[in-house]
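Please examine the sequence and the coordinates before reading on.

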Amino acid sequence: MDLYQAAGQGSIDDIESAVEEGCDVNTQDEYGLTPLWFAVQGGQVDACRILIARGASVEGQRPSILELAVQQRHTEIVELLWPHCKAEREYRALESAISLGFHEIADFLVGTQEFEYQHSQANDIEMLIKDGFPSREIPGFFEQWERFIFVRRSEKLHLHRIFLDYALLLATKADRNAGIRLVNLLLEGEIPIADANCKIKIDEEFETPLTNAAEKGNLEILATLIELPQIKLTLRGKYNWPAFLHLLASSESITSEKGRTIAQKLSKKTLPDSLLVDTKLAHLETVFENVLRLGDDALISQVIDLVHGAAGIVILPLLIKVNERHGLRWILNSDIVHASKPPPILWVLLCNFFQRSPNSEAMRLFTRVAEFLVENAIWDRVILVCLDSHNFCFMKQFFYPLNKIPPGEVTEETLEGLPQASTDQSLVREWVDKGFANAALWSAIRSGVWKSPAFERLLSCSDVDLDEPAPRKKIPGAGERMDLSPPFFGNFIGKKPKFSFNPSAEDSPRLPLEPVVPENHAQKDYEMQLSRLEQQNRIRLMMARNEQDTKLGKTVLAWAVTSHNVQLVEVLLRTSRVNVNSQGPHNTTPLMHAISVNDVQIVEKLLEIGNIDLNLRDDEGRTAIFLAAQAGDLHIIRLLTSTKNVDFSIRDCNGENVQDLAKRMGSQDVVAALAT
């Protein structure tokens, strides 16, 4: 038994023997752990005592050995280790004791009075602040701090203020204002025990109470903080943002009257000339989206003043909204081709504004910007065509990349704008040729817009191919760089995007290995079981393919069939422009899909179409009747055979006709159904 095992198991004799043989009690294993660490983890008090007596070091590991003892709730070991620890380095052990609810350990540590740091050097405290505390997102942690402080509120807490400040941070970011009582407890009185303006590093980000409450949308806590006479509203927390920006990023909060009132108060104290660095662009996009939805020009201008250079070209829609020409010129003269582009939703929201106010002064600015972006091959010229005719409904879809299906509300507006767009046949032709019509079709199908009367406009548009699969991202070949930018940011005018799909071996489920022949069963029974297993595996394979419709490129009719959407199937079949005999990947037809998912009702709907071909073959040479026989579905078999259009002479790739298949499967019911 080595020293690590002996320590973990508390074997005193083995520990002594190892030490006598010359083993170093501070030797670390491959993970940097010492024998004392294993003794603490195992709760071996005597082993810990022996190792310390033999010179084992308590400090020097992270997480610390004392913190490990706290987390394991080994009170006696904590007391044993403490004399060998330095309080400035063990603050996380105390934090763990309180956060985890091990208050008897916390009382011991606080009772040492070492965590007041009265005799500590200033640089020790500064190092503690920079090192920071762990993030505690689980609600129970702040509740443990509240309980610990509340129970001892009449006593003098021998704690440095930084611990109480940390408790304040936990309280301000507790969900749904749950920390309000702890906030009041820490900040009450003329001399609060916590600092409302504290700034502590949590994990890798600095946090403040005000910015935490704003980020979480805790309006009740936020209202309490901003009324404090000592509060500094310009303090910056996570992402180096002030509370003003964090609140604007909270969609639910900023749409409430209380949230907007607080935002106004915060904005008055926000310094527009301060530098906004180390920002997070993705979070700023949420801020921009929220202020555009509100449509308050004064609020938008304040955001622009605050984040102007930090947002790059993403701020472009905001500049247009408030007709800010100077900043716009600066943005457009930068390297916009390679810059991060504004997300489509920002342009959609800007279009919403111009729909309501088409004669706005900003309209001319928007037109000039659009012309500039088209001239530089960043936008497609169809956006200009829509802009010239003020067809904002139809224009919105062109801000979305073709490999991303637009949201349902955008597609619904596309269909609303289609009649106006149809007066310009060249526009409709480009809409179709560049793949946007197909994107609108699939968005309508997947988002439920097909239930809208406006969907009939799409079905009746003769230029739209209703049998075209969903748009997909092109997979780059060897040496090609993946282009992640939207298709309208680049010059593809007049070209229809092409998409490819290269299925890998991993895309298809593997069939299980053939079972070993049971010794005690007749060969015929075994062959029958093996045949059924094979058919089941084929059905599973077919259904797995059905589930991968995005990869395999189904038509809208096949998608509706495999989704068991009878109502959508009926809508599609009412138009003569949907091909009921279309064959997708693996040459499967909508009827085959309906059989593979065992949807009798849809099979009946498909068979009502006069020109349906029951004898089309898939990649394995099978027709619809083969799939029905393999599934053993007698009802569907009878539906197919009752049409009198089934060709029983067709043989699959194995040279079998459907009767041969049924006999090999040993299903007498299927054989009988086929015979009738």
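Beyond its neighbours within four places in sequence, N581 is in contact (heavy atoms within 4.5 Å) with T589, N611, I612, D613 and L616. N581 is located in the loop between α33 (566-573) and α34 (590-596); helices here are DSSP runs of H or I with at least four residues, strands are runs of E with at least two, and both are numbered from the N terminus. With a relative accessible area of 17%, N581 is buried, where buried denotes under 20% relative accessible area, exposed over 50%, and partly exposed the range in between (1.4 Å probe, protein chains only). A polar atom of the N581 side chain lies 2.8 Å from the backbone nitrogen of D613.

The model is predicted: local features need pLDDT of at least 70 and side-chain atom pairs count only at pLDDT 80 or more, while totals for chains, interfaces and linings use all residues. Residues are numbered from 1 along each chain as its sequence is written, and side-chain values use heavy atoms, leaving out hydrogens and water.

Attention now turns to the aromatic rings. The structure holds 23 aromatic pairs; rings of Phe, Tyr and Trp (its six-membered ring) pair if their centres lie within 6.5 Å, and planes under 30 degrees apart count as stacked, over 60 as edge-to-face and the rest as tilted. F133 and F163 form an edge-to-face pair, at 6.1 Å centre to centre and 80° between the planes. Because F133 lies in the loop between α9 (122-131) and α10 (139-151) and F163 in helix α11 (residues 161-172), this pair ties together parts that are 30 residues apart in sequence. F133 is buried at 0% relative accessibility, and F163 is buried with a relative accessible area of 0%.

F133 also forms a stacked pair with Y166, at 4.3 Å centre to centre and 20° between the planes. This pair links distant parts of the chain, 33 residues apart, since F133 is in the loop between α9 and α10 and Y166 in helix α11. Y166 is buried, its relative accessible area being 0%. Ring pairs link F133, F163 and Y166 with W82, Y91, F115, Y117 and W145 into a cluster.

Charged groups accompany other rings. The charged end of R181 sits over the ring of F150, 5.5 Å from its centre, a description that requires NZ of Lys or CZ of Arg within 6 Å of the ring centre and within 35 degrees of the ring normal. The charged end of K199 sits over the ring of F206, 5.9 Å from its centre.

Note on methods
Polar contact = N/O pair within 3.5 Å; in protein donor to acceptor, adjacent residues only side chain to side chain.
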